[in-house]
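Student: Can we go through this one together? I'd like to start with the overall picture and then look at the details.

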Amino acid sequence: MTTEPRDFGREPAGRLIPWWRSYLVLLGAAWRSQFQYRANLFIMILSGVAWQGVGFAFIWVVVAKFGTIGGWSLSEIAFIYGIRLTAHGLFVVVSGRIFVLDTVIQEGEFDRYLVRPAGALAQLWNRQFYLPHLGDLLSGLVILIAAATEIPADWNVLTVGFLLLAVLSGGMIEGALQVIAASFAFRTMNTRQIRGMMDDIFSNFGGYPITIFPIAIRLILTFVIPLAFVAFFPSAVLTGRSGGLYVPEWLALMSPLAGPLLVLLAREVWRSQLKHYKSSGS
Amino acid sequence: MTGLMAYVGARLEVVDPLGIIHVSELVKDFRRPKRIKGALGGLRTLVTRESVIKRAVDGIDFTVDEGEFLGYLGPNGAGKSTTIKMMTGILQPTSGKIEVAGIVPWRERQRNALNIGVVFGQKSQLWWDLPLRESLQIIGKLYAIDPARHRANVDWFVELLDLDPFFDTPVRQLSLGQRVRGDLAAAMLPEPRILFLDEPTIGLDVVAKERIRGFLSALNREAGTTVVLTTHDLDDVERLCRRIILIDGGKVTYDGDVESLKSRFVQQRRLVVKLAAGVEWRGVGIPGVAESIGDEAVELAFDPAEIQVSELITAVLADHQLTDVAIVEPELENVVHRIYASAGMA
Ligand SMILES: Nc1ncnc2c1ncn2[C@@H]1O[C@H](COP(=O)(O)OP(=O)(O)O)[C@@H](O)[C@H]1O
Ligand SMILES: [Mg+2]
C-alpha cells in the first residue's frame, strides 16, 4: 500500500485552543502515562495513604497524651489536619510534580514547552502525574470527614459551603507558593532548598492550631508564608473561635479568598521570571 | 508601536515578498556570573555579582524564502542553536529584528508555535511512557487538528518513516533512530510551514540517517515545507541543502549555494596520477603545483585559474608512463574543514 504524498499548503493544521482545554489534554496525557503501570496502581496509592497515615498517627499520639493542645480537642485538631491534607491532596493531584522545574530547565526540557501552542506552566504542571498523590487526597478526605462529624460544629449549607471553598483555597495557596518559589529557577538559582523548606513548614506546622506558637512565628505563618489561611483560620471560624484570634475576625472569615489572590500573584511572578529564561548552553 | 511594527512588516514584505523568515542585525548576549578562582573563590563569586557577557550571536542578517532548504552550519559554539532558539521563540533576542511567518516569535510564542515544527536531535518531545501512536493523538488534540487531516498525515508519515514496527511501543523503549523518526512525525503532524532541525542525525546509524533524509526531502518537495537544518554531517548538507549559511563566532561568514562555496573557498583541484610499474616520479617542473608522492599514486594540487588541466596532464605524460589519471573535485567536508581551520576553530 502506498499513501498519497501530502501538500501542506500555507495554512498549518493547528489552531490555538482555550487554556483549560489544553490543560485537560495535558492532564489526560499525564494520567495515561502513569496508568501504563497498572500493576503498581494499587500499591502506589496505598503507599501514599500509609505515608500520610503515619504522619497523622504521630499527631494523634501527641494530642492523646495531653488531651487537648492549646484548648483544641483531639477531633478539632484532626479537623485542622484533615483540611490541610485534603487541600494538599488537591494541589498535588492536579499539579503533578511542579518541584522538578530546576531539573527540567537544566536538562533542556523546558525549551520544548516553549515551542508548543500551550502555556508553559500548564505543561510543566502536567509533566507527570504521581499516583501516591491520590493517597494524600484520600487520606485527607477520610480524616476530614471523620473529624467533621465529631467536632461541635453546626453544619448547614453556609458552613459546608465555607468549608469547601476553604479547602479549595488551601490547595491554591500551597500551589501558588510552590509556583512562586519555582519561578526563581529561571534566574538559574537553585530553588530546591526554598521549596523543600516550604513543603516542610506546610506538613510540620500545618496540622496544629497556629496559636500554640509564639507570636513571631504566628505572624510569619500568617503574613510571610500564609499557612494560617489554609486550615487554621477556616477551622477557627467553623469551631466558633474566630473572635478571639491574634488577627481581626474578618481576616479569618476571608480565608477562602486568600487562594485565588495568591494564584493571581503567582501568575505575575511566574511571567516576570520567565522573561529571564536563558535555556541551557549546549 | 503596532503601527511601527506594521510599517516594518510592510517594508520587509516589499524587500522580499517570498521571505518567510526575516532576521536582521540579530544579537544575543548571555550574561554569566564571573567565576573567581583561588581562595574562597565560590564565596567571592556569589558576593561580587560581577558577570561576563558572552555574545553568542553577533549581528546576523538573512532572509529565508518559502520552500527553501537551508543548511545552517558552523563549528561548535558558533551560535547555531542560539539562533534557532530565537527563531522558535525560546529565547528573546538582546537586539535586532526577527520575524517568522509574519510573527515576532518571542512576543507571540504560542501563535508562532502553530507555524513551526522543531526537532532537537538529543531531546525528545514525545511522552516518554506512551507509545508513539498516543503521543500523536495527544498532539492532535492539543493543536485541534481536523481528524481527517490527522489521519492522512499519520498514514503518510508511517509509510515514509516506517513507523509501523514500533508504533505501539512506549517511547522510552525505542532506539535513538526510531525516537528521532517519531519526533519528526510529531513535529510535522500539525503541518507547520517551517521545520527547524538542530542536529537531528547526531549519533544515528547510516540506515536511520538515510530514512530521515528521504523524509526531509519529501517534506520539502511534496508538502512544500521550508526547512532550516543545523548538522555536523556534511552528507546531510550535500544531499539536502540548496543553500548554506556558515556562521562563526556569531557572525555570518558565507551565504550561498554549495557549489559556490566550494569554488570560493577552495581554489585548488587535485590531479591524481598512478604510475605504471617501475616508473619513477621525476616531477613536472611547473611553478604553483604542489606535489605529494605516495606509494600508489602522486597527487598534484593546482589552481585551475592559473594552470590549465590539459597543460598539467601533458607535462606529466611527457615524462611518465601512467596507468590512471583522475581529477578530484573538492569535497564539502574538506571545504568546511578548511574554513574552520582558517578561522582557527578546527
Ligand atoms: N544558555 C546559555 N547560557 C550561557 N551561554 C550560552 C548559553 N547557550 C549558549 N551559550 C554560549 O553561546 C555560544 C553559542 O552557543 P550555541 O548557539 O549553542 O552554539 P552552536 O549551536 O553553534 O554549537 C557558546 O559559546 C555557548 O557556550
Ligand atoms: Mg548547537
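Tutor: What follows is a short walk through the two chains, topic by topic. This is a predicted model, where local features need pLDDT of at least 70, side-chain atom pairs count only at pLDDT 80 or more, and totals for chains, interfaces and linings use all residues. Residues are numbered from 1 along each chain as its sequence is written, chains are lettered from A and ligands numbered from 1 in the order in which they are written, and side-chain values use heavy atoms, with hydrogens and water left out.

Student: How many helices and strands does chain A have?

Tutor: Chain A has 13 helices and two strands; both are DSSP runs numbered from the N terminus, helices being H or I with at least four residues and strands E with at least two. Its C-alpha trace spans about 75 × 40 × 35 Å along the principal axes.

Student: And what share of chain A is buried?

Tutor: Of its 282 residues, 54% count as buried. Buried means under 20% relative accessible area, exposed over 50%, and partly exposed in between, with a 1.4 Å probe and protein chains only. Chain A exposes about 13,500 Å², and carbon and sulfur atoms supply 68% of that. These areas come from the Shrake-Rupley method with a 1.4 Å probe, and for residues only the protein chains shown count as cover.

Student: Which residues form the nonpolar patch on the surface?

Tutor: A:Ile215, A:Leu219, A:Ile220, A:Phe223 and A:Val224, with about 480 Å² of accessible area together. Patch residues have over 30% relative accessible area and no salt bridge; like charges are joined within 9 Å, and nonpolar side chains (Val, Leu, Ile, Met, Phe, Trp, Tyr) within 5 Å. A salt bridge is a side-chain nitrogen of Lys or Arg within 4 Å of a carboxyl oxygen of Asp or Glu.

Student: Why does A:Phe223 count as exposed?

Tutor: Because its relative accessibility is 54%. A:Phe223 lies in helix H10 of chain A, residues 215-224.

Student: Switching to chain B. What is the order of the six strands in the open sheet?

Tutor: S5-S6-S7-S3-S8-S9, with mixed pairing. The edge strands are S5 (116-120) and S9 (251-257) of chain B, each pairing on one side only. Two strands pair if DSSP finds at least two bridges between them.

Student: How do S3 and S8 pair?

Tutor: In chain B, S3 (residues 69-73) and S8 (residues 243-248) pair in the parallel sense over four bridges. B:Tyr72 has B:Ile245 in S8(B) as its bridge partner.

Student: Which strands does helix H8 of chain B lie across?

Tutor: H8(B), residues 206-223, lies across S3, S6 and S7 of chain B, at about 155° to S6(B). Axes are lines fitted to C-alpha atoms, for helices over the stretch in contact, and angles run from 0 to 180 degrees between N-to-C directions. Contact means heavy atoms within 4.5 Å.

Student: What about the open sheet of four strands?

Tutor: Its order is S11-S12-S10-S13 in chain B, with antiparallel pairing. The edge strands here are S11 (290-293) and S13 (322-328) of chain B. S10(B), residues 269-275, pairs with S13(B) over six bridges, and B:Val273 stands opposite B:Val325 in S13(B).

Student: Last one: is B:Val289 buried or exposed?

Tutor: B:Val289 is buried, with a relative accessible area of 14%. B:Val289 sits in the loop between S10 and S11 of chain B, and among the residues B:Val289 touches are B:Leu300, B:Phe302 and B:Leu312.

Technical notes:
Lists of a residue's contacts leave out its neighbours within four places in sequence.
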